[in-house]
Structures are given as C-alpha cells and as structure tokens.
Amino acid sequence: MASVKFPKDYKSLLGEKETEHAIVMIKDFFQTQLSTALNLTRVTAPLFVQSGKGLNDDLNGVERAVKFPVKDMDDAQMEIVHSLAKWKRVKVSEMKLAPGFGIYTDMNAIRADEDLDNIHSLYVDQWDWCECINKADRNIEYLKAAVKKIYDCLKRTEFYIYDRYENIKPILPENVQFVFADDLQRRYPNLTPKERENKICEEYGAVFLIGIGGKLPDGSIHDGRAPDYDDWISESVDGHHGLNGDLLVWNPVLEQSFELSSMGIRVSPESLKLQLEERGCPERANLEFHKKLLKGELSLTMGGGIGQSRLCMFFLRKAHIGEIQVSIWPEEMRADCEKHGIHLL
C-alpha cells in the first residue's frame, strides 16, 4: 500500500451533503464548458472491450486488465477499460467528423494494480475526449492552443465554485506555463521526476509539461506513456521531442503537484512504427486497431483525459480522492484517514 499524506489540522470545507451537491455542479458546469470550447459532442462509451483487439489502454504495459468471459460469445474474453485512449479515435473515424470537431464521454475504469494513496483509486472516472485534426495541425502550437482552452475552462469553473462557496478561494494563476520535460530534467538533474514536478508547479501554479514518454537527455523517461496513442517521439520545436503532455497544478492542501489531465496529438502511422520499435513491441502492429492505423484508415486526432474526481478534489480542496468518489480502500487506510479528519465515502 502506498503512503497516504495527512495534511496538518485538515478539515473539509464542505460537509458530505454539500460535497455531493458541489460534485454535481462542477461536473455539469465543466463538461458544458469543455464541449463548447473544443467543439465536442457527447457520445456513450463502453465499460469493457474485447481482449486481443488492441483497443484497451495499456498504460505502462504492466498493469493487468480486469477480465471476464462472455457465455453467449463462446466465452470470448472481455476486459474492463483502463481508459478509452484508442477506442475514441476509432469512434471519431467511424463518425467521419470534420477537422476541428470531436467527441467527449464519461469514462469509467477499473485499475486493479493501482497504488492506492491520496490521489489514486481502483476506480477511475474521467472525461475522455478526442478531436479530428488536419495533418497540418500535428504541431506543438496547435496542442498549446487546446491546452489554453482547457485551462480557461478550469478558471471559469473555479470562479463558478467560488461564487457559490465563498470560503473556497480561487488560486489558479492567470495563465498556464509550458515547460518541456527535457528542460526540466536539465534544470533539476538530481531530482526525481515527481520532485521536479513539485518544484515547477510550486513556482508557477499551473504547468503543461510537454514530452511525456519520450527519452530525456540522460536516457530516462519522465513518466510512462503507451506507444500507441500519444505521439511522444516526433520532433516538436527547437530540438525538443513530443507532441503530448500533462496538465499539472499546485495543490495547496497536499502541498505537491497535482495532475488534472494528460493529452496529446495522437500517433501517425509513421510515429506509431517508431514508438513500437523503441518500446520493443513491434508485434502490436498485427493487432486490429494498429493495422487500421498503419493503413491510414483512422482519422488524425488529438485527445486526452481529464480526471473528474481529481477535478472535484482540487476545486473543493479535499485531501483524499475517497472524499469525492466511492471506492474500496484498505481498512488500515480508512481508519487512519478518520483519525486525521478525512471521511472517505
């Protein structure tokens, strides 16, 4: 079990009933802002996909998906999604959406191998979104423009909550800062990736860290990213690589960086080949999803995921994600949280 951080003298700013009401307000308001800003239409989404198709998010490649057989399909194996990173690209392609338009959906997942702590749960809920783009849009400036739109949605949501709960003061800075992961590694060569994130987020308040998954100057990677959705290998600008990133903010309750979203321009057939080779899994090219992509049968896209419980946790100044969502926690963790004023739902 991962360690849990207990903020000194922590007390929730809202009671349980108020919290439940605020969660609904945040989710309804933010998703409307998001869909308007990025021209997204809402679609329904699967809770599970068929194994062996290459559709599930492989995360870091070691997490086990929850699987079950289906009696009426000759016991074909299904697996609970980790996210809809690849499924939504297929959906956008099937809908034949024009560039500049896309979809969003409520994604619910189970990640059984997650290390449980203040911000990680077995249950994952996020808005997964995906936009069709032109080939000319596969560049860092187009990505930054989308990040700024999402950040503006966050700012508006923060004021919306403050307008209704005046004891929850706005803290987000006026603008989000863009930082490349390799520059951050050069700036703090003796720190771990998480320590680097803490430093830069404490300094700026809100950061989009570019180039997650690609190799840094010392040969390491800042954080894991599967090789078959985000493009982390293509050159972006001035010798940097990566057309993806994580949106991080400074969390004053936990006093650490806090990831709200990961997003990026998705792989092209060319970058998919390179990334499969670099990760040592070229055999994935034979999976159904990958075959379609390599043949150019899928739209060029940009997309990402925005944590719903993470968002509510940040805006309501909660110390534990279990104060926002109902999940399963070790009894020891639940008891320790109660001792420190953290009531898990």
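Two strands are taken as paired where DSSP finds at least two bridges between them, and helices (H or I, at least four residues) and strands (E, at least two) are DSSP runs numbered from the N terminus. The model described here is predicted, so that local features need pLDDT of at least 70 and side-chain atom pairs count only at pLDDT 80 or more, while totals for chains, interfaces and linings use all residues. Residues are numbered from 1 along each chain as its sequence is written, and side-chain values use heavy atoms, with hydrogens and water left out.

An open sheet of eight strands has the order 1-5-6-11-10-9-8-7 and shows mixed pairing. Its edges are formed by strand 1 (40-42) and strand 7 (177-180), each of which pairs on one side only. On average, and with direction ignored, neighbouring strands of this sheet are turned by 30 degrees against each other, the axes being lines fitted to C-alpha atoms, for helices over the stretch in contact, and angles running from 0 to 180 degrees between N-to-C directions. Strand 1 runs parallel to strand 5 (residues 102-110), to which three bridges join it, and L40 stands opposite G102 of strand 5. Strand 5 is in turn joined to strand 6 by nine bridges in an antiparallel arrangement, in which N108 stands opposite D125 of strand 6. Strand 6 (residues 123-132) also runs antiparallel to strand 11 (residues 301-307), with seven bridges between them, and here C130 faces G303 of strand 11.

A further open sheet consists of three strands in the order 2-4-3, with antiparallel pairing. Because strand 2 (48-50) and strand 3 (67-70) stand at the edges with a single partner strand each, one side of each is left without a neighbour in the sheet. From one strand to the next, the twist averages 35 degrees. Strand 3 pairs with strand 4 (residues 76-80) in the antiparallel sense over four bridges, and M78 in strand 4 is the bridge partner of F68.

Among the helices, helix 1 (residues 16-38) and helix 3 (residues 140-164) have axes that come within 9 Å and cross at roughly 150 degrees. Helix 1 is therefore roughly antiparallel to helix 3, a description applied to angles over 145 degrees. The crossing of these two helices is right-handed, meaning that the near helix is turned clockwise from the far one by less than a right angle.

How values were computed:
Angles under 35 degrees count as roughly parallel, over 145 as roughly antiparallel, 65 to 115 as roughly perpendicular and the rest as oblique.
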